[in-house]
Amino acid sequence: MAKVLIIGAVGQIGSDLTVALRKKHGADNVVASTRKTEFPLEIKDGGPCEYFDVQDKDATMKVMKKYGIDMVYQLASLLSATGEKNPDLAFQINLLGLKNSLDAARECGVKRFFWPSSIAAFGPTTPRERTPQRTVLEPSTMYGVTKVAGELLCQYYFNKYGLDIRSVRYPGLISWKAEPGGGTTDYSVAIYYDAIKHGSYKCFVGPQTVLPMMYMPDAIRGTVELMDAPSEKLTVRTSYNLAAISFSAKELADEVARHIAGFTCTYEPDSRQKIADSWPKSIDDSQARKDWNWKHEYDLSKMSVDMIANLKVKLGKK
Ligand code: AKB
C-alpha cells in the first residue's frame with residue numbers, strides 16, 4: 001500500500017483530495033500537512049496530520065522519513081490574485097517550495113510525485129481558443145511565471161533524476177467544500193455562496209468574461225487517474241492540459257438564476273479582469289484524453305445542481 005504525503009492539504013484542492021486519497025489508500029496511509037492554518041475537523045480526525053513549511057526542506061524530509069512516504073502530492077501555493085499582491089512570497093512558496101519538495105522527495109526515495117500547474121501558465125500571447133498542449137507560455141502574473149518554471153523543473157527532475165512526476169494544468173476549480181482564496185476564478189465559486197446567502201452577487205469580472213472551469217469531483221478523479229496511469233503511457237512531463245467546461249460570467253449567473261428564484265448579478269470588474277483577459281477561453285486537452293483516458297463528467301447544469309444542494313446544507317439553508 002502506498003504511503004502518501006499531501007503538502008498543502010487544507011487548500012481548495014487538498015480539502016477534497018485528502019478525503020478521496022484516504023478512502024483509496026486507507027486513512028492511516030495518507031498524511032495531511034499544512035503550514036499554518038488549522039486543519040478542518042474532517043481532515044484532523046480522519047488520519048495523520050503534520051505541520052511544516054514547504055520552504056523548510058529539513059522539516060519536509062523529516063516527515064517523509066517518519067512515515068516512509070513514497071507518493072507525494074505537492075499542492076502548496078499562493079493563487080494568482082494573492083500572488084500579484086505579494087510576488088516575492090509567491091516565488092518563495094510556489095517555486096522554491098516546489099524545488100525543496102522535489103529535492104526532499106528525491107533524497108527520501110519517493111516514487112511518484114504530483115504537482116499542479118494551471119491555465120495561468122498561458123498568457124496574452126497564447127492562442128485563446130482551444131489552447132494547444134504545446135504553445136506560447138508567456139504569462140503576465142508571478143503565479144503564472146512560477147507555473148511555467150515549475151513545469152520545466154518537473155520535466156527536468158524527471159529526465160535528470162528519474163523522479164516520476166505528473167502534473168496537470170487545472171482550469172478554474174469550483175467546489176463547495178473549501179472556498180478558494182486569492183484566485184482570479186474565485187467569482188465562479190463566490191457567486192453560489194452569495195446567491196444562497198443574499199440572493200445577489202457583485203461579480204469582479206465583466207459579463208462577457210469566458211474562462212475554462214471544472215467541478216472539483218472531476219478534478220479529483222482526473223488527478224487520481226493520472227497518478228494511477230502506467231508511466232509508459234505518459235508523453236507529457238511538463239504538465240497536461242485539462243479541460244471540462246467553458247462559460248461566460250453571464251452564462252454562469254443565468255444558470256444560478258435558474259436554480260435560485262430572484263437571483264441578480266451585477267458586474268464591477270477590478271484588477272482581476274486583466275488577469276482573466278490574459279488566460280485562455282477554452283483548452284484543447286486531447287493529449288490527456290488520449291494518453292490516460294481523461295474524461296470530464298460535469299457540465300454547467302449538472303455542477304450547479306450538485307453545488308447548490310451541498311452548499312445549502314453547508315450554509316444551513318435547508
Ligand atoms: C486562480 O484563479 O488563480 C486559480 C487558477 C486558475 O490557477 N484558480
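Into which domains is the protein chain divided? Select 4–172 + 214–241 for domain 1, then 178–213 + 245–283 + 299–314 for domain 2. These bounds come from an automatic or database domain assignment.

Before going on, note that this is a predicted model, where local features need pLDDT of at least 70, side-chain atom pairs count only at pLDDT 80 or more, and totals for chains, interfaces and linings use all residues. Residues are numbered from 1 along each chain as its sequence is written, and side-chain values use heavy atoms, with hydrogens and water left out.

**The two domains.** Colour them separately. Their C-alpha centres lie 25 Å apart. Across the boundary, 24 residues of domain 1 are in contact with 25 residues of domain 2 (contact means heavy atoms within 4.5 Å).

**The ligand shell.** Select the ligand next. Around the ligand are Leu79, Ser80, Ser118, Ile119, Tyr143, Gly183, Thr184, Thr185 and Trp279 (each has a heavy atom within 4 Å of the ligand). Each of domain 1 and domain 2 gives at least three residues to this shell. Four shell residues are nonpolar, five are polar and none is charged. In this scheme Ala, Val, Leu, Ile, Met, Phe, Trp, Tyr, Cys and Pro are nonpolar, Asp, Glu, Lys and Arg are charged, and the others, Gly among them, are polar.

**The close pairs.** Show side chains now. Pick Ser80: a polar side-chain atom lies 2.5 Å from an oxygen atom of the ligand. Move to Ser118, where a polar side-chain atom lies 2.7 Å from a ligand oxygen atom. Finish at Thr185: an N or O atom in its side chain is 2.9 Å from a nitrogen atom of the ligand. The protein buries 95% of the 250 Å² that the ligand exposes when taken alone (Shrake-Rupley method, 1.4 Å probe).

Notes: Polar contact = N/O pair within 3.5 Å; in protein donor to acceptor, adjacent residues only side chain to side chain.
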